[in-house]
Amino acid sequence: MRRMLTRTLATLSLVVASTAVGLVVTAGAAQADGCYTWGRQLSQGMSGEDVRQLQIRVAGYPGSGAVLGIDGAFGPATRSAVIRFQQAYGLAADGIAGPNTFNRLYALQDDDCTPVNFSYAELNNCNSTWAGGNVSAATARANALVSMWKLQAMRHALGDLQIRVTSGFRSQACNAAVGGATSSRHLYGDAVDLGASPHSLCTLAQAARNHGFAGILGPGYPDHNDHTHVDGRPSRFWSAPNCGVGGRTMRDPLDDN
């Protein structure tokens, strides 16, 4: 169940000393709470699983029209994404992931590494196992995690107001039941349908351009006047003509319906 209040994710060690005028309290280093802890500062040229974990969490900050690769290699694109993340949260924007950047990430994640404002359950109302799609259950779940962090970045950019999810992962059976295309990105776990309120569908489609989504379908695209669809398909296809996004009205072969 999603928390109504932001919980404290940092673990603090307190050293309390008596003084003539009162108490002095010193805070120790913050650690992740039940999720992932970075053990070193990360900068361009480095690689490893810790870089990949960082990339997942800054995947929503690639720049307009771009998509950040989740490959474990800290290149120029990752540095730029880190800078945008730092700027978004008022941190020193040097492109180096150190304690201040990690502490902010710790504060944004739950114990299962999902961002605090989104959950696996929210992105999967089909089944509890993530099985039966066009990829393995583990891959579908991992794809959904990246999409959630992109949505978290988009949510922050839109004033930290709710983004309403109406559909996420589908197994082949669930997809067939709603009349989805056999190539729907929902079968891969990286697709999310968004409903209006508090944001308009066009606001969502327009914002998605800046937060790492290769696929954007919305008002003006066939069968998408009642929701905005975002996904992580291999190449860009944007079409929400009524919102000034893309402009193509012909159906895409990777249509989510």
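Guide: We start with the whole chain and then turn to single residues.

Guide: Keep in mind that this is a predicted model.

Visitor: Fine. How many helices and strands does the protein chain have?

Guide: Six helices and seven strands. Along the sequence the pattern reads β-β-α-α-α-α-β-α-β-α-β-β-β.

Visitor: What share of the residues is buried?

Guide: 47% of the 257 residues in the protein chain.

Visitor: And the accessible surface, how much of that belongs to carbon and sulfur atoms?

Guide: 53%, out of a computed total of about 11600 Å².

Visitor: What about contacts between residues 24 or more positions apart?

Guide: They account for 56% of the chain's contacts with a separation of 6 or more.

Visitor: Switching to Lys150. Where is it?

Guide: In helix α4, which covers residues 137-157.

Visitor: Buried or exposed?

Guide: Lys150 counts as buried because its relative accessibility is 8%, and the cut-off for buried is under 20%.

Visitor: Which residues is Lys150 in contact with, leaving aside neighbours within four places in sequence?

Guide: Ala59, Gly60, Val67, His211, Gly212 and Phe213. Take His211: 61 residues separate it from Lys150 in sequence, but the C-alpha to C-alpha distance is 5.8 Å.

Visitor: Now Ser184. Which element is it in, or between?

Guide: Ser184 sits in the loop between α5 (172-177) and β4 (192-195).

Visitor: What lies 3.1 Å from a polar atom of its side chain?

Guide: The backbone nitrogen of His186.

Key: Residues numbered from 1 in each chain as written. Predicted model: local features only at pLDDT ≥ 70, side-chain atom pairs only at ≥ 80, totals over all residues. Heavy atoms only, no water. Helix = DSSP H or I, 4+ residues; strand = E, 2+ residues; numbered from the N terminus. Polar contact = N/O pair within 3.5 Å; in protein donor to acceptor, adjacent residues only side chain to side chain. Buried < 20%, exposed > 50% of the residue type's maximum accessible area, 1.4 Å probe, protein only. Contact = heavy atoms within 4.5 Å. Areas by Shrake-Rupley, 256 points an atom, 1.4 Å probe, with all protein chains shown as cover.
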